[in-house]
Amino acid sequence: MEILVFETAGKASAFAAEKFIEQISQKPNSLLGMATGGTVVSLYQKIIEAYQQKRVSFASARTVNLDEYVGLSPDNAQSYAYYMYSKLFDHIDLPKENIFLLDGLGVVDSELKRFNEFLLQNPIDLQLLGIGTNGHIGFNEPSSQFQLGPHLVDLAEETIKSNSRFFKPGETMPTQAISMGIRDIMLAGKVLLLAFGKAKADAICKMVNSTTVDPMLPVSVLNLRRNVTIVLDKELAQAAGL
Ligand code: PGA
């Protein structure tokens, strides 16, 4: 595991963008595992800038997302499908047919099956991760056991509280989601985790110092991998005592 600390979240995001560019230049048809949330917005902005500067093309790349809220249609501005198009896909040359996204309004069992089949047939080359304050990765919430593959999740109270900041008054935040499982994340060729700010310090500190793998701290499973790069800002690193 490689832990890198940058002066600012902006500099950390610029580094992460270079990792994506490097991946695509080494293997243009890479399958990129994408994440959503506040942390990766600046990374996606930097990828768009690199594309505009003709430093990278996604014409052969493929993507799959970690998760999606249940109950939100892809054109709902709060869905992760909408997030991906508005924050990244609409601004680069990634072909629409190379994008795998879940339908939050689809029949859950059918979506889980479709997701599972896709992941079993298509190994992820580079998986991007954020982390929840409770140590979740994707929407693999703290639990007594890990779920291997795609599964339906009852979102943790802490996640609902934290993500409700993105919902406007009058909008109801879903309480369930479909998430990639731990197997899917662990089978990715490379993992790049971004975490910024004091709020994530506790989860990162526990992960770095853990000597066991604990499903109550899902991110701790990354300790079983070699190829993981954890990208932090100084604010988080200092608060975590790293
Ligand atoms: P955030 O979410 O980037 O919005 O903090 C990350 C996550 O919950 O995985």
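**Briefing: aromatic pairs, ligand site and salt bridges**

Tyr44 and Tyr83 are both buried, where buried stands for under 20% relative accessible area, exposed for over 50% and partly exposed for the range in between (1.4 Å probe, protein chains only). The structure is a predicted model in which local features need pLDDT of at least 70 and side-chain atom pairs count only at pLDDT 80 or more, while totals for chains, interfaces and linings use all residues. Residues are numbered from 1 along each chain as its sequence is written, and side-chain values use heavy atoms, with hydrogens and water left out.

**Aromatic residues**

- The whole structure contains 10 aromatic pairs, a pair being two rings of Phe, Tyr or Trp (its six-membered ring) with centres within 6.5 Å, classed as stacked when the planes are under 30 degrees apart, edge-to-face when over 60 and tilted otherwise.
- Tyr44 and Tyr83 make an edge-to-face pair, with 6.4 Å from centre to centre and 75 degrees between the planes.
- This pair joins distant parts of the chain, since Tyr44 belongs to helix 2 (residues 41-52) and Tyr83 to helix 3 (residues 80-87), 39 residues apart; helices (H or I, at least four residues) and strands (E, at least two) are DSSP runs numbered from the N terminus.
- Tyr44 and Tyr83 also belong to one aromatic cluster together with Tyr69, Tyr80, Phe139 and Phe167.

**Ligand site**

- The ligand is surrounded by Gly37, Gly38, Thr39, Gly130, Ile131, Gly132, His136, Arg165, Phe166 and Lys200, each having a heavy atom within 4 Å of it.
- A backbone N or O atom of Gly38 is placed 2.8 Å from a ligand oxygen atom.
- From the side chains, a polar atom of Thr39 lies 2.5 Å from an oxygen atom of the ligand, and a polar atom of Lys200 lies 2.7 Å from an oxygen atom of the ligand.
- The ligand taken alone exposes 280 Å², of which the protein buries 88%; accessible areas come from the Shrake-Rupley method with a 1.4 Å probe, and for residues only the protein chains shown count as cover.

**Loop between strand 6 and strand 7**

- Asn140 is located in the loop between strand 6 and strand 7, and its relative accessible area of 4% makes it buried.
- The Asn140 side chain reaches the backbone oxygen of Met180 at 2.9 Å.
- Pro150 is found in the loop between strand 6 (126-129) and strand 7 (151-154), and counts as buried at 14% relative accessibility.

**Salt bridges**

- The structure holds 8 salt bridges, each defined by a side-chain nitrogen of Lys or Arg within 4 Å of a carboxyl oxygen of Asp or Glu.
- Glu117 and Lys113 form one of them, with the closest N and O atoms 3.3 Å apart.
- Both residues lie in helix 4 (residues 108-121), 4 residues apart, about one turn of the helix; Glu117 is partly exposed at 38% relative accessibility, and Lys113 is exposed at 53%.
- In the salt bridge of Glu171 with Lys168, the closest N and O atoms are 4.0 Å apart; Glu171 is partly exposed at 32%, and Lys168 is exposed at 53%.
- Asp184 and Arg183 meet through their side chains at 2.8 Å, N to O, in a salt bridge; Asp184 is buried at 6%, whereas Arg183 is partly exposed at 23%.

Technical notes. A polar contact is a pair of N or O atoms within 3.5 Å; within protein, one must be able to donate a hydrogen and the other to accept it, and residues adjacent in sequence count only if both atoms are side-chain atoms.
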